[in-house]
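Here is my note for a colleague meeting this structure for the first time. Please read the points with the model open beside you.

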Amino acid sequence: MPDDVSALHLVLSGDAALFAIVRLSLYVSLSAVLLAAMIGIPFGAFLALTRFPGRQGVIVGLNALMGLPPVVVGLAVYLALSRSGPLGSFGLLFTPRAMIIAQTILVAPIIAALARQTIEDLWIEYRDELTAMNIGPLGRVATLVWDARFSLVTALLAGFGRAAAEVGAIIIVGGNIEGFTRTMTTAIALETSKGDLPLAVGLGMVLIAIVIAVNALAWTARRAGERWAG
Amino acid sequence: MRAPFSELPVVFDGVTVAAGAVTILDNLTLEFTPGAPTLLIGPNGSGKTTLLRLAMGLLAPSRGRISWGGRENAAPLKRAIVFQRPTMLRRSAGANIRYALRAAGVPRAERARRCGELLELVGLEALADRAARKLSGGEQQRLALARALARDPAVLFLDEPTASLDPTATKAVEDVIREVGQRNIKVVMATHDLGEARRLAGDIVMLHRGRVVEAAAASAFFDAPQTAAARAFLAGELLV
């Protein structure tokens with residue numbers, strides 16, 4: 001049977017091993033995006049609304065961090081979580097939590113940088129009205145984040161895209177342990193090197209389908225939201 | 001119940017606003033007191049918008065002092081403004097008003113009733129659930145008026161609220177302004193439409209090149225302007 005047909009058979013037959021990998025991949029990536037959003041959106045809002053010496057430098061640095069090399073982040077997290085590292089006592093290395101930490105570090109700058117731009121653009125539009133209504137700093141942040149929520153979906157999607165496609169960091173800190181820390185991207189890398197192309201192709205198909213589905217869902221939600229809220 | 005005109009008088013004492021070498025308002029001494037609407041008139045660039053932003057507290061003068069009811073640096077608790085192009089929050093018309101009511105500290109239990117009253121005042125009760133940004137220009141201006149009134153202001157500043165509206169929409173906005181004036185709220189409004197100034201004004205302040213050219217009761221100003229600039233402006237001549 002050709003590899004692509006075998007791959008399709010694996011997907012359609014609901015292969016347990018394949019779907020365990022898919023579940024773990026989604027768990028790790030979505031958790032990382034959630035954590036990164038909790039860090040990145042408030043930080044982006046803070047940068048958008050405040051002026052302080054060195055702010056431009058921080059923005060340039062943040063934008064540069066969007067291109068963080070995953071293997072470097074993986075190495076740094078590995079060193080931090082290894083037994084002799086500062087966080088070694090937590091025993092997180094080669095666990096899904098370590099993978100979430102690494103991906104959060106990769107995704108947070110992307111969400112923060114895009115959120116900063118989105119919120120700053122909206123702040124320029126809203127500044128006079130919110131100032132005239134005597135809205136305080138926290139109220140401004142809450143209002144801007146809420147009103148920019150549909151635009152911020154794009155930032156979350158960019159973060160999810162980065163996390164879902166990432167392999168360099170999680171293979172270092174997760175170890176690609178079968179049934180425990182093996183994700184779609186690490187499995188594709190491994191199975192390809194072993195020559196088990198049907199599984200690699202099958203996982204690739206699922207990965208692409210998930211990315212398309214998530215983007216389509218987000219796009220639909222954004223369009224519906226914009227129609228409703230203007 | 002609030003004390004009427006708690007923010008009044010708004011007093012400008014030798015106020016100058018400069019941006020670099022350009023003087024936008026020059027040594028302005030002026031007072032807005034309780035009573036009929038005060039209309040600020042003058043050609044584009046005469047400083048009307050800057051004056052309103054100062055009066056609202058959105059801008060600090062380069063020199064001079066501004067006080068509200070005798071207090072300087074007073075938070076704009078009983079002041080409200082409608083900009084020439086108001087920004088609608090990305091939510092429904094009703095939610096825009098409820099937002100302003102919450103910001104003004106109106107208890108949650110009262111917000112629905114107050115929101116309904118304000119929408120009715122501006123004739124938008126049927127559009128409460130419509131996205132505010134989807135409303136027409138005239139409807140947005142009326143919604144902006146309702147949102148400003150949600151603050152229960154003692155003084156309401158309006159920056160050319162009918163500048164880009166057709167006659168029907170202009171009449172609707174002017175009707176609301178008249179209604180507001182009868183509610184013990186001081187209206188200070190900028191316009192370069194002399195017809196509108198005649199229809200609405202109790203007092204006129206004419207600005208030209210950042211200075212007060214003439215300040216008088218509307219009838220006196222239109223019947224017997226005292227300065228050459230005012231006479232020229234009323235005659236429809238171009239002031240440069």
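1. Start with one definition. A residue is called buried under 20% relative accessible area, exposed over 50%, and partly exposed in between, using a 1.4 Å probe and protein chains only. At 22% relative accessibility, B:K78 therefore counts as partly exposed.

2. Some ground rules. This is a predicted model, where local features need pLDDT of at least 70 and side-chain atom pairs count only at pLDDT 80 or more, while totals for chains, interfaces and linings use all residues. Residues are numbered from 1 along each chain as its sequence is written, chains are lettered from A and ligands numbered from 1 in the order in which they are written, and side-chain values use heavy atoms, with hydrogens and water left out.

3. Fold of chain A. Chain A has 10 helices and zero strands. Helices (H or I, at least four residues) and strands (E, at least two) are DSSP runs, numbered from the N terminus. The C-alpha atoms of chain A fill a box of roughly 70 × 50 × 25 Å along the principal axes. Of its 230 residues, 45% count as buried. Contact here means heavy atoms within 4.5 Å. Among contacts in chain A with a separation of 6 or more, 73% come from residues 24 or more positions apart.

4. The interface in outline. 23 residues of chain A are in contact with 23 residues of chain B. The two chains bury about 1,900 Å² between them, with 52% of it on carbon and sulfur atoms. Buried area is the accessible area (1.4 Å probe) that two parts lose on being put together, summed over both. A:E129, A:A132 and A:M133 supply 30% of the area that chain A buries against chain B, more than any other three residues.

5. A salt bridge is a side-chain nitrogen of Lys or Arg within 4 Å of a carboxyl oxygen of Asp or Glu. One of them joins B:R133 to A:E125, with the closest N and O atoms 2.7 Å apart.

6. Which helix of chain A gives the largest share of the side that touches chain B? Helix 5 of chain A does, with eight residues.

7. A bridge to inspect. B:R147 forms a salt bridge with A:E129, the closest N and O atoms being 3.1 Å apart. B:R147 lies in helix 4 (residues 137–149) of chain B and A:E129 in helix 5 of chain A, so the pair joins two chains. Both ends are buried: B:R147 has 4% relative accessibility, and A:E129 has 6%.

8. Bridges within chain B. B:D152 and B:K78 meet in a salt bridge (3.5 Å, N to O). The pair links distant parts of the chain, 74 residues apart. B:D152 is partly exposed at 31% relative accessibility. B:R113 and B:E110 also meet in a salt bridge (3.7 Å, N to O). These two are three residues apart in helix 3 (residues 108–121) of chain B, so about one helical turn separates them. A network of salt bridges links B:K171, B:E174, B:D175, B:R178 and B:R199.

9. Aromatic pairs. The structure holds five over all chains. Rings of Phe, Tyr and Trp (its six-membered ring) pair if their centres lie within 6.5 Å; planes under 30 degrees apart count as stacked, over 60 as edge-to-face and the rest as tilted. A:F46 and A:F52 have ring centres 5.9 Å apart and planes at 20 degrees, so the pair is stacked. B:F221 and B:F222 have ring centres 5.3 Å apart and planes at 80 degrees, so that pair is edge-to-face. Both B:F221 and B:F222 are buried.

10. Two buried spots in chain A. A:A187 sits in helix 9 (residues 184–194) and has a relative accessible area of 0%. A:T183 lies in the loop between helix 8 (168–174) and helix 9, and is buried with a relative accessible area of 3%. A polar contact of 3.4 Å joins the side chains of A:T183 and A:T185.

Key: A polar contact is a pair of N or O atoms within 3.5 Å; within protein, one must be able to donate a hydrogen and the other to accept it, and residues adjacent in sequence count only if both atoms are side-chain atoms.
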